[in-house]
Amino acid sequence: MNKFDPATAIQRLDGRDANRGVNPAICDSATFTFPEAHLMTETFHGETEGYFLYSRHWNPSNLALCQALAAMEGTESAWVTGSGLAAITTALLHEVKSGDHILSSMTTYGGTFAFMNNWLKKFGVETTFVNFQDLDAVKKAIRPNTKVLYTETMNNPLLRMANIPELAKMAHAAGAKLIVDNTFTPMIFSPCRLGADVTVYSMTKFVNGKNDCVAGAICGSNEYINGLIDVNNGTAMLLGPVLDPMRSSSILKNVHTLHIRMQQHSKNAMYLATRFKEVGFKYNYPGLPEHPDYQLTCSMMNEGYGFGGMISIDMGTADKASKIMEIMQKKGVGYLAVSLGYFKTLFSNSGKSTSSEVPEDIQKEMGMSEGLIRFSVGLDNDIEATFQLIKESVEECNR
Ligand code: PLP
């Protein structure tokens with residue numbers, strides 16, 4: 001376990017604005033003035049500090065959020081985007097050109113899979129998908145033109161863990177970058193501190209935690225982020241997926257409660273996993289020792305945030321999963337909805353929703369059952385009562 005504490009790193013930042021407001025003022029400007037003309041030219045070339053040019057590039061409200069995210073990740077810098085997929089596609093596009101190769105974990109969020117498998121192909125970038133739990137297979141699949149190894153820390157929806165230190169070594173030995181999506185597990189893991197080059201987030205999920213927006217983030221070194229926003233060649237600057245500063249400002253306030261939320265999500269998911277085990281449900285949760293990646297998880301995690309709020313149960317068939325989810329929603333367990341990291345419990349059948357872009361044969365190869373219900377466990381105060389409702393829902397469906 002690591003002693004790094006992302007929450008304390010954020011709390012040590014001085015977030016006051018010029019008027020000593022405790023929250024940084026919202027900067028509602030697309031463009032910025034310069035007191036002297038030469039400063040504008042120098043800012044264009046990235047040669048000034050403390051000047052802003054244009055909000056597609058940088059904005060003070062975005063900067064305040066990025067400073068908090070960089071502190072949380074232990075990276076030098078960060079940049080925020082209008083969605084998680086924008087963060088992922090920008091980070092990937094920045095590394096590849098036609099003729100290059102990406103090596104990706106077979107199990108990823110469906111949109112990421114579709115982007116690599118379908119969309120990038122049109123531009124001559126090939127992706128191969130392998131089981132990232134099999135490090136020998138990963139090593140064998142690296143090619144001379146491999147530019148990126150891509151994985152989620154805890155993968156979607158099977159909750160298997162990526163061995164980030166080993167994957168980073170392999171990527172670097174091949175002259176490639178390791179890009180990690182840490183959407184499921186903010187604060188629990190700090191991928192860049194474990195060797196990854198870039199960490200991406202869908203902040204739509206736990207980081208913001210309110211389900212009131214879509215947003216994303218890219219975290220990495222100063223050199224990397226400055227490259228992304230370079231006016232001539234920066235993928236972020238030229239594709240323009242920047243997050244609106246008003247939204248940055250609201251997300252920043254939610255980041256300050258993220259540690260408390262993660263602790264409660266983890267506590268509740270651990271409780272449910274323990275109870276699912278007792279009653280004999282087929283479940284996946286990396287926080288119990290029988291999970292195949294339990295030891296790896298413990299070796300990579302930051303102390304004090306638990307094992308995360310994601311858990312899945314396998315109900316065997318898609319029909320049964322659908323019935324149980326409908327009953328659970330009626331009983332008030334939470335909502336039948338995609339997405340995660342909300343204060344209420346959300347559940348969905350992955351094969352029919354967030355992983356539906358992944359062809360069925362690959363779903364099978366990943367080990368994903370058609371009856372898999374993925375839960376994003378909420379901040380419930382009485383989690384035993386929630387467990388009872390889930391159990392009653394399964395019993396009602398079986399009757
Ligand atoms: N990464 C993961 C692991 C996700 O689950 C999702 C969305 O469900 C995304 C990325 C995409 O994020 P967004 O919906 O914010 O674009």
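Begin by selecting Leu69, Leu149, Met203 and Ile373, the residues with the most contacts inside the largest nonpolar core, which has 119 residues; a nonpolar core here is a set of buried Ala, Val, Leu, Ile, Met, Phe, Trp, Tyr and Cys residues joined through side-chain atoms within 4.5 Å, and buried means under 20% relative accessible area, exposed over 50% and partly exposed in between, with a 1.4 Å probe and protein chains only. Helix α3 (residues 60–73) gives the most to this core, with eight residues, and at least three residues come from each of domain 1 (6–255) and domain 2 (260–398).

This is a predicted model, in which local features need pLDDT of at least 70 and side-chain atom pairs count only at pLDDT 80 or more, while totals for chains, interfaces and linings use all residues. Residues are numbered from 1 along each chain as its sequence is written, and side-chain values use heavy atoms, with hydrogens and water left out.

Colour next by domain, with bounds that come from an automatic or database domain assignment: the C-alpha centres of domain 1 and domain 2 lie 27 Å apart, and 40 residues of domain 1 are in contact with 42 residues of domain 2, contact meaning heavy atoms within 4.5 Å.

Return to Leu149 and show its surroundings, not counting residues up to four places away in sequence, where it touches, among others, Leu103, Phe132, Leu167, Met170 and Ala171.

Then select helix α7 (residues 164–173), whose buried residues are Ile164, Leu167, Ala168, Met170 and Ala171; helices (H or I, at least four residues) and strands (E, at least two) are DSSP runs, numbered from the N terminus.

Finally, display the open sheet of five strands, with the order β8-β9-β12-β11-β10 and mixed pairing, where two strands pair if DSSP finds at least two bridges between them. β8 (283–284) and β10 (334–336) stand at the edges, each with a single partner strand, so one side of each has no neighbour in the sheet. β10 pairs with β11 (residues 345–349) in the parallel sense over three bridges, and Tyr335 stands opposite Leu346 in β11.
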